[in-house]
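Here is a quick tour for someone meeting this structure for the first time. Have a look at it first, and then we can walk through it together.

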Amino acid sequence: ADEAVDELAACGVSAARLPALELLPGETAVSLELFAERVSVIRRFVEPRGPLPQVLVCPIPALMQSIPEPARLADLSITLLPGDTRGRDAIVRWLDDAGFRRSDSIEEPGDFAVRGGILDLFPVSGAGATPVRLDFFGDELESISEIDLDTMGSDRRIDAIEVIGARRDLISSDQGVVSPLELIPDSAIALVAETMEVTEQGRGYFERITDSRGID
């Protein structure tokens, strides 16, 4: 899929990849990076704010894995901006539930750290993310600023951030989910590359999973 996207881009064709959540049998953790990229691609079709990609490249497991129906996408993200009064603890609980990792200091996407009224956060997105520092005064979020990971000093202030999380209950479920194909425009043309190989990969993937909820 990655090679196809690169080759299409080299030919001047706009292409996007719908990644699969690479869960192995028995695993419960979801890669925040892959999930955020998946949500980002889905939103381009559900909430179009510009031209859609000319080609959507999908590994077969990505099509077999259901996605939350459009009305539930809002449950997968939280938008933070100065003046928010939910409080640091409520945001920390949301991050815990959304699969973020609490650590002494942030180093990579998916990390967050708490020190008094300061919450350092490394959000995740398909195209990369910028680590930020949230400064609280009581329950009020006073400011959001970017962080230089080399010095851990705060830099440019920003107006707002959107944080995408991976809630397991909205992923491995047969309720409130749809097939990714339902969001593709009816005018789209489907092309299956290496049909026999795709069929075998799909069969092998289904045979390996231990929980078929959310799998078509």
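Helix α2 gives the largest share of the lining of the largest cavity, 3 residues. Helices here (H or I, at least four residues) and strands (E, at least two) are DSSP runs, numbered from the N terminus. Before going further: this is a predicted model, in which local features need pLDDT of at least 70, side-chain atom pairs count only at pLDDT 80 or more, and totals for chains, interfaces and linings use all residues. Residues are numbered from 1 along each chain as its sequence is written, and side-chain values use heavy atoms, with hydrogens and water left out.

On a 1 Å grid over the protein atoms alone, a cavity is a set of points where a 1.4 Å probe fits but cannot get out, while a pocket is an open set with protein on both sides within 12 Å along at least five of seven lines; lining residues have an atom within 4 Å of a point. Grid points are joined across faces, edges and corners, and a volume is the space filled by probe spheres set on the points. By this rule there are 2 cavities of 30 Å³ or more.

| Space | Volume | Some of the lining residues |
|---|---|---|
| Largest cavity | about 50 Å³ | L18, V41, I42, F45, among others |
| Largest pocket | about 990 Å³ | L56, V57, C58, L191, V192, among others |

The pocket has 27 lining residues in total. Two or more of them come from each of α1 (2–10), β2 (55–57), α3 (60–64) and α5 (195–208).

## The core

Which residues touch the most other members of the largest nonpolar core? They are L95, F100, L119, L134 and I161, out of 39 residues. A nonpolar core is a set of buried Ala, Val, Leu, Ile, Met, Phe, Trp, Tyr and Cys residues joined through side-chain atoms within 4.5 Å. Buried means under 20% relative accessible area, exposed over 50%, and partly exposed in between (1.4 Å probe, protein chains only). Helix α2 turns up again, with the largest share of this core at 8 residues.

Take L119 as an example: leaving out residues up to four places away in sequence, its contacts (heavy atoms within 4.5 Å) include I91, L95, F112, L134 and F136.

## The sheet

Next comes an open sheet of 6 strands, in the order β5-β6-β7-β8-β9-β10, with mixed pairing. Two strands pair if DSSP finds at least two bridges between them. At the edges sit β5 (101–102) and β10 (153–157), each pairing on one side only. Strands β9 and β10 run antiparallel and are joined by 3 bridges.

E194 sits in the loop between β12 (177–178) and α5. E194 is exposed, at 58% relative accessible area, and has a positive phi near 55 degrees without being a glycine.
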